[in-house]
Amino acid sequence: MQWTGVKLMNTDGFLGKSDPFLRFFKVRTSGELLQVHETEVIKDNLNPVWKPFQISDIKLGSSHSTTFKIECWDHEKSGKHQFIGECEATLDMLKDGATEFELENPKKKSGV
């Protein structure tokens, strides 16, 4: 897989740009989230292109129709990363050619 962001929310104000990275989570039947992958941080970029990577099907879900979660964060040196947004997908959606997912943030609007 290779993921890109388009016009991500800038959480760093007028003096900088977000340093985005993605986290991928398996959603367990109990609703608990299990992080299975994290991308590299792309510095000062609201339109990042992350390096290609692989995640096995089983790490994301028990079937191709199982929903997994993707979160986008702005990296902060302090470790208090700022939430940009999230979306959900399934392997079936990717297999069927879905290439765009809109990030949702309950506090603000942005897109991927």
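## Accessibility and the predicted model

A residue is called buried under 20% relative accessible area, exposed over 50%, and partly exposed in between. Phenylalanine 83 has 23% relative accessibility, so this residue counts as partly exposed. The structure described here is a predicted model.

Tryptophan 73, with a relative accessible area of 17%, is buried, and arginine 23 is buried at 18% relative accessibility. Serine 78 is exposed because its relative accessible area is 59%, and threonine 29 counts as exposed at 91%.

## Nonpolar core

In soluble globular proteins, nonpolar side chains tend to be buried together. Here the largest nonpolar core has 19 residues. Those with the most contacts inside this core are Trp3, Leu22, Phe24, Phe68 and Ile70. Strands β1, β3 and β4 each supply at least two residues of the core.

Beyond residues up to four places away in sequence, leucine 22 touches Trp3, His37, Glu38, Thr39, Trp50, Ile70, Glu71 and Cys72.

## Aromatic pairs

A pair of aromatic rings is described by the distance of the centres and the angle of the planes. The model has four aromatic pairs. Tryptophan 3 and phenylalanine 101 form a tilted pair, with 5.6 Å centre to centre and 35 degrees between the planes. This pair joins distant parts of the chain: tryptophan 3 belongs to the segment before β1 and phenylalanine 101 to the segment after α2 (91–95), 98 residues apart. Both tryptophan 3 and phenylalanine 101 are buried.

Tryptophan 73 and phenylalanine 83 form an edge-to-face pair, at 5.2 Å centre to centre and 70 degrees between the planes. The edge-to-face class applies to planes over 60 degrees apart. Tryptophan 73 is in strand β3 (residues 67–74) and phenylalanine 83 in strand β4 (residues 82–90), ten residues apart. Within this pair tryptophan 73 is buried, whereas phenylalanine 83 is partly exposed. Elsewhere, ring pairs link Trp3, Phe24, Phe53 and Phe101 into a cluster.

## Surroundings of arginine 23

Arginine 23 is found in strand β1 (residues 20–27). Its relative accessibility of 18% is under the 20% limit, so arginine 23 counts as buried. What does the arginine 23 side chain make a polar contact with? The partner is the side chain of glutamate 38, at 2.9 Å.

Arginine 23 also lies over the face of tryptophan 73, at 5.4 Å from the ring centre. Leaving out residues up to four places away in sequence, arginine 23 touches Gln35, His37, Glu38, Lys69, Ile70, Glu71, Trp73 and His81.

## Loop positions

Serine 78 is placed in the loop between β3 and β4. The side chain of serine 78 reaches the backbone nitrogen of lysine 80 at 3.2 Å.

Threonine 29 lies in the loop between β1 and β2 (33–38). Threonine 29 and threonine 66 are 37 residues apart in sequence. In space the two are 9.7 Å apart, C-alpha to C-alpha.

How values were computed
Residues numbered from 1 in each chain as written. Predicted model: local features only at pLDDT ≥ 70, side-chain atom pairs only at ≥ 80, totals over all residues. Heavy atoms only, no water. Helix = DSSP H or I, 4+ residues; strand = E, 2+ residues; numbered from the N terminus. Buried < 20%, exposed > 50% of the residue type's maximum accessible area, 1.4 Å probe, protein only. Polar contact = N/O pair within 3.5 Å; in protein donor to acceptor, adjacent residues only side chain to side chain. Contact = heavy atoms within 4.5 Å. Phe/Tyr/Trp six-rings, centres within 6.5 Å; stacked < 30°, edge-to-face > 60°. Lys NZ or Arg CZ within 6 Å of the ring centre and 35° of its normal. Core = buried A, V, L, I, M, F, W, Y, C linked by side-chain atoms within 4.5 Å.
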